[in-house]
2 protein chains.
Amino acid sequence: MATSHGVTVGGYFCPQVPITKVDEKDEKTPDDWIPRHPELIRLTGRHPFNCEPPLKELANHGFITPTSLHYVRNHGPPPKLAWDTHRIRIGGAVNNPVELSMNDLLTNFERVTMPVTLVCAGNRRKEQNMHKQGIGFSWGAAGLSTSVWTGVRLRDVLDHCGIKSWSDGAKHVCMGGADYLPGGGGSYYATSITRHVAMDWDSHNVILAWEQNGEKLTPDHGYPIRVVIPGYIGGRMIKWLTDITVSEQEDSSHYHYHDNRVLPPGIDADRAIAERWWYKPEYIINDLNINSAITSPGHDEVVTVQPGRVGTYKCKGYAYSGGGRKVTRVELSFDEGVTWELCTLTHPEQPTPAGKHWCWCFWEFDVEFMCLLRSKQMMVRAWDTGLNTQPMNFTWNVM
Amino acid sequence: MATSHGVTVGGYFCPQVPITKVDEKDEKTPDDWIPRHPELIRLTGRHPFNCEPPLKELANHGFITPTSLHYVRNHGPPPKLAWDTHRIRIGGAVNNPVELSMNDLLTNFERVTMPVTLVCAGNRRKEQNMHKQGIGFSWGAAGLSTSVWTGVRLRDVLDHCGIKSWSDGAKHVCMGGADYLPGGGGSYYATSITRHVAMDWDSHNVILAWEQNGEKLTPDHGYPIRVVIPGYIGGRMIKWLTDITVSEQEDSSHYHYHDNRVLPPGIDADRAIAERWWYKPEYIINDLNINSAITSPGHDEVVTVQPGRVGTYKCKGYAYSGGGRKVTRVELSFDEGVTWELCTLTHPEQPTPAGKHWCWCFWEFDVEFMCLLRSKQMMVRAWDTGLNTQPMNFTWNVM
C-alpha cells in the first residue's frame, strides 16, 4: 500500500515504510536481529534471505521503492559490521594502497546522490522455470526496485590511491564483501568490473554508497557501505564492501564464475560443469537486458463491467534497459503479437548530462473493456535507444 | 574476388583494388570525374550514387574491405573540394571559434588510427521492402564495410576551441558537410551528436578522418575530411566536413529529422508527416542495432553432393552490434527456430582499452549436407554483451 510518509532526497520523493520489528520468520536463524517487512515474499525459504515485495505493492509506490520493500538477494547471513571500525582495503595495481574508514570516505571525497534501479539478473526467472527448471530459484516480476543512493565516486577513490595505467596492468577492479558464503567453498562474495566501467564517470556513474533513500544502509542492503553500478545486474554490486583490488585479470572467486552467466539453450547443469562453460568469457552478464512487465491487470484480477456500459481499463507496468539506454517505446498486443498498441511512457528520472538513464520507467494504456474481454492474452514489449527489443519467446538457459 | 595486394595500417592488412577509370555509367552525370568500381551494385539508378558491393565479393575480402568496394550513400553529387583550400569552421558554444585547414589538423593534434565498421541504417532494408514498401530504397545485406581510419580525436579539436560546459549550453555538436542536397529544401547535409558522444573518448572514439585504409579519402567517402563515429549508423558520419557548431539544441536540418528514424509499425508515410512523428525525439536512430547475415550459402547457390558421400558444407556470415558491445554468440537454426546451433566466431579486431568493439565479426558453422537438404530455411541470430538478440520477425517501419 502506498504511503504519504517519506523524505525528499536529491529532488526525488522517497516513500518510507519504517520497520522496527524482527519478523517471527527470522527467529532461530542467524538473521534474528534484522527488522524486516512481514509482507516480503521469501523465495528460498526462511534463510538465507531472498525476497521480493508483492508486485502490486511495488507498483503502487511508484518511482522510488521504500527501502523496507526493496528486493533482497543474500547468499548467507548479513555480517554484523560497525560503522566506526569498518575499513575498506584498497590495493593491487595502485601506487598508494590504503585502508579507508567510513569517516575517511565521508570527509575526503565529493559526495554524489542519484536514483538507480537495482535489478536481480534473475528477475522473472519463475516464468522460465515454469517452462523447464534451471538451477536458479524463481523470482516473480518484482525482483527490482529503485532507490536514491548517496556516496562517493569509485573513480575518485581509485584516483586517490593512484590507480596505475591500463598498460601497467590496472585492467580490472575486483571487489569483495564481508559476507561469508556457506555454499561458496569457504569464500566471501566477490566479483569484478573493468577499469573502464570503474573509472569513466560520465558513462558509468559507479558509486560507493552508504545511504539509501536518505538513511544509512540497512543490514540487508550492505551496511555500512556497498557498491552501486548503474545499468548493471545487481550481482556485481558488492554489499558490505571490504576489499577493492585493482588487477590485470578479472576476479577469480567462486560466484564470479558460477553465477550471473547466461549459457546457450542446449547447455544444462551437467554439461556446464563437465565442459567448463562457466569459464567461457562470452557468457558473463553485466549490462541489464531490456525488459518490461505488466503490473495491472494482476494475476487473477477480476474486473467488474457494468452491463451495457462501455468503458476502458487502465493497463500499467514498468520497463527498463541496460547501459544507460533510455526506454523509448513500450507496446501492448491483445492479438498474440499481430498488432501492437503504443503505450504512454513516464520517465520520472532526470537523465545525466551524458544522457544516461539508470532507472525504470512506467507505461500505461487505456484498453476498451471489449478488447480486453476478447483477448486471449496480453503481451508487452519494450524498445530502447539501441533499437533493442524483447524477443517474442524467451530463450531458456540453465541459470 | 579477393586480392593479395594491399597495405598494413595500424596492424591491420588492408586489401586494395585500385580503380582509376571513370565508369561509363557515370558519363553525363555530375559524377563523371570520379573513378568507381564497375561491379558496385547501384541501388538508386545512375545518380545520386548509392551502392553496395556484391555480397560474395564483400565476404571474400574478409575483415577490411577495399575502399573501392566500400558501400556508398550519397544524397547528391560529391562536392569538388581541394586539400589546400579546404577549411573547417568551428563555432557556437566555444570560447575560441576557429577555422582549421587540413594542415592545421595534421600538425596540431595527435593522430589516431583504428578500424571501424560503417553501416548504413538501411542495411538489409530490401527484405523489409519485400514485405511492404517503405519510403527508403532497397539495400541488400552488403550495406556495410570496414576500413582502417586515420585522423584526429573530435574531442581534442573541441578542447582546442575551448568548448563550454554542458550547463553553459554546450550540449550538442552539430556537424555539416559541403554536399548540396537537391531534395533537401536548398540545404546541405547535416546532423548532430550529443556532447557526451563527441567528448568521451574512452566510450565513443569519434574521429575526424582524412585517411581510409592508408590512403587519402576518395570523393565518395568525404574527401578531404569526414567524421567517423564508431558504433553509430553511417547517417551521422558527415562527409566533406565544413562546419562544427556546438549548441544547446540538436541540429535543425532537414535530414536530421526526416531520415534515420524508426517509427512504430502503424505509422505510414502520410501519418508520419500529418502527425509530426519525425519530430518525436524517441524515434531517432544513433546506435547500430544488432544484426547478422548469411553470406554462404548465397542466394541460388548450388551445392553439388557426391552420391553416397557424407560431408559437410561450411556456412558463413557476419554479425555486428552497436554501442561498442561485442557480439558474443551467433546461432543458426535449420528447423525454423526450434533448435539453434552455436557457430564459431572470429573477431579480427583488437578491442579498445575500454573494451569497445567497433567492428563486424565473422561466424561459421559446418553443417551436414543431409541437414541442409532437409532444412526448409536457414535462420541466423546474433547476441551481444547486453544480452540483446535479433527478433524472430522484423517489425515493419516506414523508413
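Me: In the open sheet of 3 strands in chain A, what is the order of the strands?

Reply: This is a predicted model, where local features need pLDDT of at least 70 and side-chain atom pairs count only at pLDDT 80 or more, while totals for chains, interfaces and linings use all residues. Residues are numbered from 1 along each chain as its sequence is written, chains are lettered from A and ligands numbered from 1 in the order in which they are written, and side-chain values use heavy atoms, with hydrogens and water left out. Strands here are DSSP runs of E, at least two residues, and helices are runs of H or I, at least four, numbered from the N terminus; two strands pair if DSSP finds at least two bridges between them. The pairing in this open sheet is antiparallel, and the order is β19-β18-β22.

Me: Which strands stand at the edges there?

Reply: Look for strands with a single partner, since one side of each is then left without a neighbour in the sheet.

Me: What is the bridge partner of Arg89(A) in β15(A)?

Reply: Strand β6 (residues 87–92) and strand β15 (residues 241–247) of chain A run parallel, joined by 4 bridges. In β15(A), Arg89(A) has as its bridge partner Asp243(A).

Me: Over in chain B, how many residues of strand β9 are buried?

Reply: Buried means under 20% relative accessible area, exposed is over 50%, and partly exposed is in between (1.4 Å probe, protein chains only). β9(B) pairs with strand β8 (residues 111–119) in the antiparallel sense over 9 bridges, and Arg111(B) stands opposite Val152(B). Antiparallel pairing also links β9(B) to strand β12 (residues 207–212) through 5 bridges, with Gly151(B) opposite Ala209(B). Strand β9 (residues 144–153) is largely enclosed by the rest of the structure, because the number of its residues that are buried is 10 of the 10.

Me: How far is Cys361(B) from the closest cysteine sulfur?

Reply: A disulfide is taken as a pair of cysteine sulfur atoms within 2.5 Å, and the structure holds 0 of them over all chains. Cys361(B) counts as buried at 1% relative accessibility. Its closest cysteine sulfur belongs to Cys359(B), too far for a bond at 10.0 Å.

Me: Which residues is Gln128(B) in contact with, leaving aside neighbours within four places in sequence?

Reply: Gln128(B) sits in helix α3 (residues 125–131) of chain B and is buried, with a relative accessible area of 10%. Contact means heavy atoms within 4.5 Å. The partners are Phe394(B), Thr395(B), Trp396(B), Asn397(B) and Met399(B).

Me: Is Pro348(B) buried or partly exposed?

Reply: Pro348(B) is in the loop between β20 (344–346) and β21 (361–368) of chain B. Not counting residues up to four places away in sequence, Pro348(B) touches Tyr12(B), Phe63(B), Trp360(B) and Phe362(B). At 33% relative accessibility, Pro348(B) counts as partly exposed.

Me: How much area do domain 1 and domain 2 of chain A bury between them?

Reply: Domain bounds come from an automatic or database domain assignment, which divides chain A into domain 1 (6–73), domain 2 (83–283) and domain 3 (290–384). In the contact between domain 1 and domain 2, 28 residues of domain 1 meet 30 residues of domain 2. Buried area is the accessible area (1.4 Å probe) that two parts lose on being put together, summed over both. Carbon and sulfur atoms carry 64% of it here, and the area is about 2,300 Å².

Me: Which residues in chain A lose the most area to chain B?

Reply: Chain A and chain B bury about 2,800 Å² between them, 56% of it on carbon and sulfur atoms. Together, the chain A residues that lose the most make up 18% of what that side buries, and they are His196(A), Arg329(A) and Leu387(A).
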